Amino acid sequence: MSKTVFFAFKGEMVYFQHVLLNALEMIEKGNEALIVMEGETVTLVEKLEKEDHFKFKEAKEKGIIDCICRACSIGYGALPYNETCGIPLSEDNHGHPSMLKYIEQGYDIITL
């Protein structure tokens, strides 16, 4: 069984949809997968929820969206919404999620 965390940075929907598809496939096949929303992806949360995006909703329900970057949420003006969406905000590495934390837990990291 593999353990993978996707650090999603690109704010284009097509890239993030592929992160969702791959993470959900890994879960369905019995592997562990998490998603960390970093960079421009923090701006997608509100849009995905307002559109009731089915794969985002599924990932959120399964608890695989581990966190959203607090620093990027501030920088991109997405903090007010992201604080209310029910996904934890992370700031353990100078305001950003720590990759080292996941490596120490045995996760492989994929960045997109």
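Predicted model: local features only at pLDDT ≥ 70, side-chain atom pairs only at ≥ 80, totals over all residues.
**Asp 52**

I started with Asp 52, which counts as partly exposed because its relative accessibility is 46%. For my own reference: buried means under 20% relative accessible area, exposed over 50%, and partly exposed in between, with a 1.4 Å probe and protein chains only. Asp 52 sits in the loop between helix H2 (44–50) and helix H3 (54–61). Helices (H or I, at least four residues) and strands (E, at least two) are DSSP runs, numbered from the N terminus. I looked up the backbone angle too: Asp 52 has a positive phi of about 55°, although it is not a glycine. Most residues other than glycine have a negative phi.

**What I'm looking at**

Residues are numbered from 1 along each chain as its sequence is written, and side-chain values use heavy atoms, with hydrogens and water left out.

**His 94**

Next I checked His 94, another non-glycine with a positive phi of about 55°. I found His 94 in the loop between strand E4 (89–90) and helix H6 (99–104). Is His 94 buried or exposed? His 94 is exposed, because its relative accessible area is 77%.

**Asn 31**

Then I went to Asn 31, in the loop between helix H1 (13–28) and strand E2 (32–37). At 21% relative accessibility, Asn 31 counts as partly exposed. Which residues does Asn 31 contact, leaving aside neighbours within four places in sequence? I got Met 1, Ser 2 and Met 26, where contact means heavy atoms within 4.5 Å. A polar atom of the Asn 31 side chain lies 2.9 Å from the backbone nitrogen of Ser 2. I also looked up Asn 31 and Glu 58: they are 27 residues apart in sequence and 16 Å apart in space, C-alpha to C-alpha.

**Two threonines**

Thr 4 is in strand E1 (residues 3–8), and it counts as buried because its relative accessibility is 4%. Not counting residues up to four places away in sequence, Thr 4 touches Met 26, Glu 32, Ala 33, Leu 34, Tyr 107, Asp 108 and Ile 110.

Thr 41 lies in the loop between E2 and H2. Thr 41 is buried, with a relative accessible area of 0%. Where does the side chain of Thr 41 reach? It reaches the backbone oxygen of Ala 8, at 3.0 Å. With the residues up to four places away left out, Thr 41 touches Ala 8, Phe 9, Lys 10, Gly 11 and Phe 16.

**The whole chain**

Finally I zoomed out. The protein chain has six helices and five strands, and from the N terminus on they run β-α-β-α-α-β-α-α-β-α-β. I looked up the radius of gyration, taken over C-alpha atoms: the protein chain has 13 Å, which agrees with the value near 13 Å for a compact globule of 112 residues. That globule rule is 2.2 Å times the number of residues to the power 0.38. The C-alpha atoms fill a box of roughly 40 × 30 × 20 Å, taken along the principal axes.

Of the 112 residues, 43% count as buried. Among contacts with a separation of 6 or more, residues 24 or more positions apart account for 72%.

Notes: Polar contact = N/O pair within 3.5 Å; in protein donor to acceptor, adjacent residues only side chain to side chain.
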